[in-house]
Amino acid sequence: MFDLIKQLTEAWAPSGYEHHLRATLREMVKPYADEVSVDGLGNLIVRVGKGGKKVLIAAHMDEIGVMANYAEPKTGYLRFAPIGGLLYTTLHGSRVMFEDGTIGVMANQDPWGKGRTAASDTDTFYIDTEDETGAQRVRVGSPAVFWRETQQRGSRVIGKAMDDRIGCVVALETLKRLAGKADHELYFVFTVQEEVGLRGARVAAQGIKPDLAIALDVTAAGDEIKAERLAVRLGEGAAIKVMDIGHVVPPDLLHWMIDTAEKHGIPYQSEVLARGTTDAAALQLAHSGVPTGCISIPTRFVHTTSETVDLADVNACIDLLTQLVRSPLKLKKKAKI
Ligand SMILES: [Zn+2]
(Lines give C-alpha, C1' and ligand atoms only; values in the text may rest on other atoms or scores of the structure.)
Protein backbone atom coordinates (compact mmCIF):
# COMPACT_ATOMS: atom_id res chain seq x y z
CA MET A 1 0.00 0.00 0.00
CA PHE A 2 2.97 2.36 0.55
CA ASP A 3 3.56 2.65 -3.20
CA LEU A 4 -0.05 3.69 -3.78
CA ILE A 5 0.09 6.24 -0.94
CA LYS A 6 3.36 7.61 -2.34
CA GLN A 7 1.95 7.93 -5.84
CA LEU A 8 -1.20 9.73 -4.71
CA THR A 9 0.40 12.03 -2.12
CA GLU A 10 3.12 13.13 -4.55
CA ALA A 11 0.51 14.01 -7.19
CA TRP A 12 -0.01 17.70 -7.97
CA ALA A 13 -3.58 18.87 -7.23
CA PRO A 14 -4.20 22.23 -5.56
CA SER A 15 -7.89 23.12 -5.12
CA GLY A 16 -9.55 23.72 -8.51
CA TYR A 17 -6.63 22.10 -10.39
CA GLU A 18 -7.32 18.43 -9.64
CA HIS A 19 -7.17 17.31 -13.32
CA HIS A 20 -3.90 15.30 -13.20
CA LEU A 21 -4.93 13.35 -10.12
CA ARG A 22 -8.45 12.84 -11.48
CA ALA A 23 -7.00 11.24 -14.64
CA THR A 24 -4.82 8.93 -12.51
CA LEU A 25 -7.72 7.89 -10.26
CA ARG A 26 -10.02 7.40 -13.24
CA GLU A 27 -7.68 4.76 -14.65
CA MET A 28 -7.29 3.10 -11.25
CA VAL A 29 -11.04 2.74 -10.56
CA LYS A 30 -12.06 1.47 -14.01
CA PRO A 31 -11.74 -2.28 -13.32
CA TYR A 32 -13.94 -2.02 -10.21
CA ALA A 33 -16.69 0.35 -11.39
CA ASP A 34 -20.04 -0.02 -13.13
CA GLU A 35 -19.99 3.61 -14.23
CA VAL A 36 -17.45 6.43 -14.04
CA SER A 37 -18.31 10.08 -14.68
CA VAL A 38 -17.14 13.62 -13.95
CA ASP A 39 -19.64 16.30 -12.95
CA GLY A 40 -19.64 19.97 -13.90
CA LEU A 41 -17.38 21.03 -11.02
CA GLY A 42 -14.87 18.24 -11.62
CA ASN A 43 -15.85 15.61 -9.04
CA LEU A 44 -14.96 12.07 -10.14
CA ILE A 45 -18.00 9.86 -9.51
CA VAL A 46 -17.64 6.08 -9.44
CA ARG A 47 -20.77 3.95 -9.17
CA VAL A 48 -20.83 0.32 -8.04
CA GLY A 49 -24.08 -1.65 -7.77
CA LYS A 50 -27.67 -0.70 -8.60
CA GLY A 51 -30.83 -0.58 -6.48
CA GLY A 52 -31.10 -0.65 -2.69
CA LYS A 53 -29.83 2.34 -0.74
CA LYS A 54 -27.96 5.16 -2.42
CA VAL A 55 -24.77 5.67 -0.42
CA LEU A 56 -22.32 8.47 -1.22
CA ILE A 57 -18.72 8.04 -0.03
CA ALA A 58 -16.57 11.18 -0.37
CA ALA A 59 -12.81 11.73 -0.24
CA HIS A 60 -11.29 14.97 -1.50
CA MET A 61 -8.63 15.09 -4.18
CA ASP A 62 -7.43 18.65 -3.64
CA GLU A 63 -4.62 19.87 -1.38
CA ILE A 64 -3.64 23.20 0.11
CA GLY A 65 -1.24 25.40 -1.85
CA VAL A 66 -0.65 28.94 -3.06
CA MET A 67 -1.32 31.05 -6.14
CA ALA A 68 1.16 33.63 -7.45
CA ASN A 69 -0.61 36.98 -7.40
CA TYR A 70 2.12 39.60 -7.91
CA ALA A 71 5.61 39.66 -9.45
CA GLU A 72 8.03 41.98 -7.64
CA PRO A 73 9.65 44.23 -10.30
CA LYS A 74 13.19 43.33 -11.47
CA THR A 75 13.48 40.26 -9.26
CA GLY A 76 12.58 36.60 -9.54
CA TYR A 77 10.32 36.99 -6.54
CA LEU A 78 6.61 36.38 -6.43
CA ARG A 79 3.97 37.21 -3.85
CA PHE A 80 1.09 34.80 -3.43
CA ALA A 81 -2.43 34.21 -2.16
CA PRO A 82 -3.16 31.15 -0.01
CA ILE A 83 -5.20 28.21 -1.30
CA GLY A 84 -6.68 26.74 1.88
CA GLY A 85 -5.50 27.07 5.48
CA LEU A 86 -1.73 27.68 5.55
CA LEU A 87 0.23 27.47 8.81
CA TYR A 88 2.66 30.39 8.71
CA THR A 89 5.22 28.74 11.01
CA THR A 90 5.78 26.05 8.37
CA LEU A 91 6.43 28.32 5.38
CA HIS A 92 9.98 29.78 5.55
CA GLY A 93 12.30 27.58 3.48
CA SER A 94 9.44 25.44 2.14
CA ARG A 95 9.53 24.36 -1.48
CA VAL A 96 6.55 24.79 -3.74
CA MET A 97 6.00 23.16 -7.12
CA PHE A 98 4.18 24.79 -10.03
CA GLU A 99 2.30 22.77 -12.64
CA ASP A 100 5.22 22.69 -15.10
CA GLY A 101 7.50 21.28 -12.38
CA THR A 102 9.22 24.58 -11.54
CA ILE A 103 10.36 24.58 -7.92
CA GLY A 104 10.03 27.77 -5.90
CA VAL A 105 11.44 28.46 -2.44
CA MET A 106 9.23 30.28 0.01
CA ALA A 107 10.90 32.78 2.31
CA ASN A 108 9.96 35.19 5.05
CA GLN A 109 11.16 38.74 4.43
CA ASP A 110 12.40 39.15 8.04
CA PRO A 111 13.40 35.60 9.05
CA TRP A 112 15.82 36.55 11.82
CA GLY A 113 13.63 39.35 13.14
CA LYS A 114 9.86 39.36 13.52
CA GLY A 115 9.46 36.42 11.19
CA ARG A 116 11.45 34.28 13.61
CA THR A 117 8.65 34.00 16.12
CA ALA A 118 5.57 35.22 14.33
CA ALA A 119 4.36 35.88 10.82
CA SER A 120 1.16 37.85 10.75
CA ASP A 121 0.05 37.13 7.17
CA THR A 122 1.09 35.87 3.75
CA ASP A 123 2.28 39.38 2.75
CA THR A 124 5.40 38.82 4.88
CA PHE A 125 6.45 35.95 2.58
CA TYR A 126 7.61 35.68 -1.01
CA ILE A 127 8.63 32.88 -3.41
CA ASP A 128 11.95 32.74 -5.25
CA THR A 129 11.54 31.37 -8.77
CA GLU A 130 14.55 33.07 -10.35
CA ASP A 131 16.67 31.17 -12.89
CA GLU A 132 20.33 31.73 -13.80
CA THR A 133 19.47 34.76 -15.92
CA GLY A 134 17.57 36.35 -13.06
CA ALA A 135 14.26 35.90 -14.88
CA GLN A 136 11.05 34.76 -13.31
CA ARG A 137 9.93 31.31 -14.39
CA VAL A 138 6.34 31.69 -13.27
CA ARG A 139 3.43 33.93 -14.28
CA VAL A 140 0.94 35.61 -11.99
CA GLY A 141 -2.13 33.38 -11.69
CA SER A 142 -0.12 30.15 -11.49
CA PRO A 143 -1.02 27.78 -8.64
CA ALA A 144 1.53 25.67 -6.73
CA VAL A 145 1.54 22.95 -4.08
CA PHE A 146 4.02 22.43 -1.26
CA TRP A 147 6.52 19.83 -2.34
CA ARG A 148 8.01 17.01 -0.27
CA GLU A 149 8.83 13.38 -1.01
CA THR A 150 6.73 10.72 0.76
CA GLN A 151 8.67 8.39 3.05
CA GLN A 152 8.12 5.48 5.42
CA ARG A 153 9.30 4.83 9.00
CA GLY A 154 8.08 1.41 10.13
CA SER A 155 4.29 1.45 9.90
CA ARG A 156 4.27 5.25 9.77
CA VAL A 157 4.02 7.05 6.43
CA ILE A 158 5.04 10.70 6.18
CA GLY A 159 4.17 13.01 3.31
CA LYS A 160 2.47 16.07 1.94
CA ALA A 161 -1.24 15.98 1.03
CA MET A 162 -1.99 12.98 3.22
CA ASP A 163 -5.00 15.29 3.68
CA ASP A 164 -6.85 13.83 1.87
CA ARG A 165 -5.07 11.39 -0.45
CA ILE A 166 -5.13 8.90 2.42
CA GLY A 167 -8.95 9.20 2.28
CA CYS A 168 -8.71 8.53 -1.48
CA VAL A 169 -6.61 5.43 -0.66
CA VAL A 170 -9.28 4.19 1.78
CA ALA A 171 -11.97 4.69 -0.90
CA LEU A 172 -9.88 2.98 -3.60
CA GLU A 173 -8.92 -0.01 -1.46
CA THR A 174 -12.56 -0.46 -0.40
CA LEU A 175 -13.59 -0.41 -4.07
CA LYS A 176 -11.03 -3.13 -4.78
CA ARG A 177 -12.33 -5.29 -1.93
CA LEU A 178 -15.89 -5.00 -3.22
CA ALA A 179 -14.58 -6.23 -6.60
CA GLY A 180 -17.51 -4.73 -8.48
CA LYS A 181 -20.16 -6.33 -6.25
CA ALA A 182 -22.56 -4.34 -4.07
CA ASP A 183 -26.13 -4.97 -2.93
CA HIS A 184 -26.70 -1.23 -2.77
CA GLU A 185 -26.02 1.71 -5.07
CA LEU A 186 -22.65 3.02 -3.97
CA TYR A 187 -21.19 6.26 -5.26
CA PHE A 188 -17.51 6.76 -4.49
CA VAL A 189 -16.91 10.46 -5.11
CA PHE A 190 -13.42 11.92 -5.33
CA THR A 191 -14.31 15.53 -4.63
CA VAL A 192 -12.76 18.84 -5.66
CA GLN A 193 -12.18 22.08 -3.74
CA GLU A 194 -12.67 20.82 -0.18
CA GLU A 195 -9.85 22.95 1.21
CA VAL A 196 -11.45 26.16 -0.04
CA GLY A 197 -14.96 25.51 1.29
CA LEU A 198 -16.29 21.97 0.69
CA ARG A 199 -17.49 23.02 -2.77
CA GLY A 200 -17.21 19.71 -4.61
CA ALA A 201 -19.09 17.79 -1.92
CA ARG A 202 -21.91 20.32 -2.01
CA VAL A 203 -22.71 19.76 -5.69
CA ALA A 204 -22.02 16.01 -5.59
CA ALA A 205 -24.70 15.50 -2.95
CA GLN A 206 -27.14 17.68 -4.88
CA GLY A 207 -26.56 15.65 -8.05
CA ILE A 208 -26.59 12.15 -6.56
CA LYS A 209 -29.34 12.64 -3.94
CA PRO A 210 -27.98 9.96 -1.59
CA ASP A 211 -29.97 8.28 1.22
CA LEU A 212 -26.82 8.20 3.31
CA ALA A 213 -23.34 9.70 3.08
CA ILE A 214 -19.93 8.97 4.60
CA ALA A 215 -16.95 11.31 4.30
CA LEU A 216 -13.35 10.08 4.58
CA ASP A 217 -10.77 12.57 5.78
CA VAL A 218 -7.85 13.08 8.12
CA THR A 219 -8.28 14.27 11.67
CA ALA A 220 -5.73 15.80 14.01
CA ALA A 221 -4.08 13.39 16.43
CA GLY A 222 -4.13 14.42 20.07
CA ASP A 223 -0.77 12.79 20.77
CA GLU A 224 1.42 15.68 19.66
CA ILE A 225 3.18 17.58 22.48
CA LYS A 226 0.92 20.30 23.89
CA ALA A 227 -1.91 19.17 21.65
CA GLU A 228 -5.46 20.16 22.37
CA ARG A 229 -7.59 17.76 24.36
CA LEU A 230 -8.22 15.22 21.68
CA ALA A 231 -8.70 11.55 22.38
CA VAL A 232 -7.45 10.41 18.96
CA ARG A 233 -4.03 8.71 18.85
CA LEU A 234 -1.94 7.31 16.02
CA GLY A 235 -2.05 3.51 15.77
CA GLU A 236 -5.24 3.08 17.80
CA GLY A 237 -7.66 2.52 14.94
CA ALA A 238 -10.17 4.24 12.69
CA ALA A 239 -11.53 7.46 14.17
CA ILE A 240 -15.32 7.56 14.05
CA LYS A 241 -16.43 11.17 14.09
CA VAL A 242 -18.93 12.18 16.73
CA MET A 243 -18.81 15.93 16.11
CA ASP A 244 -16.72 18.76 14.67
CA ILE A 245 -17.43 22.45 14.12
CA GLY A 246 -19.51 21.82 11.00
CA HIS A 247 -21.15 18.49 11.65
CA VAL A 248 -22.94 16.61 14.44
CA VAL A 249 -23.25 12.95 13.49
CA PRO A 250 -26.85 11.73 13.99
CA PRO A 251 -26.84 9.33 17.00
CA ASP A 252 -28.47 6.38 15.20
CA LEU A 253 -25.90 6.64 12.41
CA LEU A 254 -23.04 6.96 14.91
CA HIS A 255 -24.21 3.85 16.76
CA TRP A 256 -24.45 1.91 13.50
CA MET A 257 -20.82 2.81 12.78
CA ILE A 258 -19.64 1.88 16.28
CA ASP A 259 -21.69 -1.34 16.37
CA THR A 260 -20.26 -2.35 12.97
CA ALA A 261 -16.68 -1.77 14.18
CA GLU A 262 -17.33 -3.80 17.34
CA LYS A 263 -19.12 -6.64 15.53
CA HIS A 264 -16.16 -7.12 13.17
CA GLY A 265 -13.40 -6.52 15.74
CA ILE A 266 -12.15 -3.39 13.96
CA PRO A 267 -10.11 -1.07 16.22
CA TYR A 268 -11.78 2.35 16.46
CA GLN A 269 -11.71 5.52 18.53
CA SER A 270 -14.20 8.35 18.96
CA GLU A 271 -13.37 11.73 17.49
CA VAL A 272 -14.61 15.08 18.76
CA LEU A 273 -12.79 17.81 16.86
CA ALA A 274 -12.87 21.40 18.12
CA ARG A 275 -11.33 22.86 14.96
CA GLY A 276 -11.95 22.09 11.33
CA THR A 277 -14.54 20.07 9.46
CA THR A 278 -14.86 17.86 6.37
CA ASP A 279 -16.94 17.27 3.24
CA ALA A 280 -19.52 15.70 5.59
CA ALA A 281 -20.57 19.20 6.71
CA ALA A 282 -21.66 19.99 3.13
CA LEU A 283 -23.06 16.55 2.25
CA GLN A 284 -25.52 16.60 5.17
CA LEU A 285 -27.13 19.83 3.91
CA ALA A 286 -28.17 18.64 0.43
CA HIS A 287 -31.86 18.64 -0.51
CA SER A 288 -33.98 18.02 2.58
CA GLY A 289 -30.99 16.71 4.54
CA VAL A 290 -28.75 13.64 4.24
CA PRO A 291 -27.80 11.51 7.29
CA THR A 292 -24.01 11.72 7.16
CA GLY A 293 -21.15 10.09 9.04
CA CYS A 294 -17.39 10.42 8.78
CA ILE A 295 -14.47 8.02 9.12
CA SER A 296 -11.29 9.92 9.96
CA ILE A 297 -7.72 8.79 9.54
CA PRO A 298 -5.67 9.92 12.58
CA THR A 299 -2.90 12.22 11.32
CA ARG A 300 -0.09 14.13 13.02
CA PHE A 301 1.07 17.55 11.78
CA VAL A 302 -1.99 18.27 9.60
CA HIS A 303 -1.50 20.95 6.90
CA THR A 304 2.27 20.56 6.82
CA THR A 305 4.45 18.74 4.28
CA SER A 306 5.04 15.97 6.85
CA GLU A 307 1.55 14.75 7.62
CA THR A 308 2.05 11.40 9.38
CA VAL A 309 -0.31 8.42 9.42
CA ASP A 310 -0.05 4.82 10.63
CA LEU A 311 -0.79 2.00 8.16
CA ALA A 312 -2.65 0.02 10.85
CA ASP A 313 -5.15 2.89 11.15
CA VAL A 314 -5.49 3.12 7.37
CA ASN A 315 -6.29 -0.61 7.24
CA ALA A 316 -8.83 -0.25 10.06
CA CYS A 317 -10.56 2.53 8.08
CA ILE A 318 -10.70 0.31 4.96
CA ASP A 319 -12.10 -2.60 7.03
CA LEU A 320 -14.73 -0.36 8.60
CA LEU A 321 -15.85 1.29 5.35
CA THR A 322 -16.07 -2.12 3.62
CA GLN A 323 -18.37 -3.47 6.35
CA LEU A 324 -20.48 -0.29 6.47
CA VAL A 325 -21.24 -0.23 2.75
CA ARG A 326 -22.09 -3.94 2.78
CA SER A 327 -24.95 -3.30 5.21
CA PRO A 328 -26.06 0.34 5.21
CA LEU A 329 -28.02 1.71 8.13
CA LYS A 330 -31.72 0.88 8.00
CA LEU A 331 -33.23 4.33 7.93
CA LYS A 332 -36.51 4.94 9.66
CA LYS A 333 -39.34 5.66 7.28
CA LYS A 334 -40.69 9.18 7.46
CA ALA A 335 -43.71 9.22 9.78
CA LYS A 336 -47.05 9.90 8.18
CA ILE A 337 -49.07 12.45 10.10
ZN1 LIG B 1 -9.05 17.20 4.27
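**Domain arrangement and cysteines**

The protein chain is divided into domain 1, which covers 2–63 + 160–326, and domain 2, which covers 65–146. The model is a predicted one, and in it the centres of the two domains, taken over C-alpha atoms, are separated by 31 Å. The contact between them draws on 15 residues from domain 1 and 15 residues from domain 2.

**Interface between the domains**

- Domain 1 and domain 2 bury about 1,100 Å² between them, and carbon and sulfur atoms give 67% of that area.
- On the side of domain 1, the residues that lose the most area to domain 2 are Trp12, Tyr17 and His303, which together account for 46% of what that side buries.
- Between domain 1 and domain 2 there are four residue pairs in polar contact, with both residues at pLDDT 80 or more, whereas the count of salt bridges between these domains is zero.
- Sorted by class, the side of domain 1 that touches domain 2 consists of six nonpolar, six polar and three charged residues.

**Cysteines**

- The count of disulfides comes to zero, where a disulfide would require a pair of cysteine sulfur atoms within 2.5 Å.
- For Cys168, the closest cysteine sulfur belongs to Cys317 and lies 13 Å from its own, which is too far for a bond; Cys168 is also buried, with a relative accessible area of 0%.
- Cys294 likewise takes part in no disulfide, since the nearest cysteine sulfur, that of Cys317, is 9.4 Å away, and Cys294 counts as buried at 0% relative accessibility.

Technical notes:
Residues are numbered from 1 along each chain as its sequence is written. This is a predicted model: local features need pLDDT of at least 70, side-chain atom pairs count only at pLDDT 80 or more; totals for chains, interfaces and linings use all residues. Side-chain values use heavy atoms; hydrogens and water are left out. Domain bounds come from an automatic or database domain assignment. Contact means heavy atoms within 4.5 Å. Buried area is the accessible area (1.4 Å probe) that two parts lose on being put together, summed over both. A salt bridge is a side-chain nitrogen of Lys or Arg within 4 Å of a carboxyl oxygen of Asp or Glu. A polar contact is a pair of N or O atoms within 3.5 Å; within protein, one must be able to donate a hydrogen and the other to accept it, and residues adjacent in sequence count only if both atoms are side-chain atoms. Ala, Val, Leu, Ile, Met, Phe, Trp, Tyr, Cys and Pro count as nonpolar, Asp, Glu, Lys and Arg as charged, and the others, Gly among them, as polar. Buried means under 20% relative accessible area, exposed over 50%, partly exposed in between (1.4 Å probe, protein chains only).
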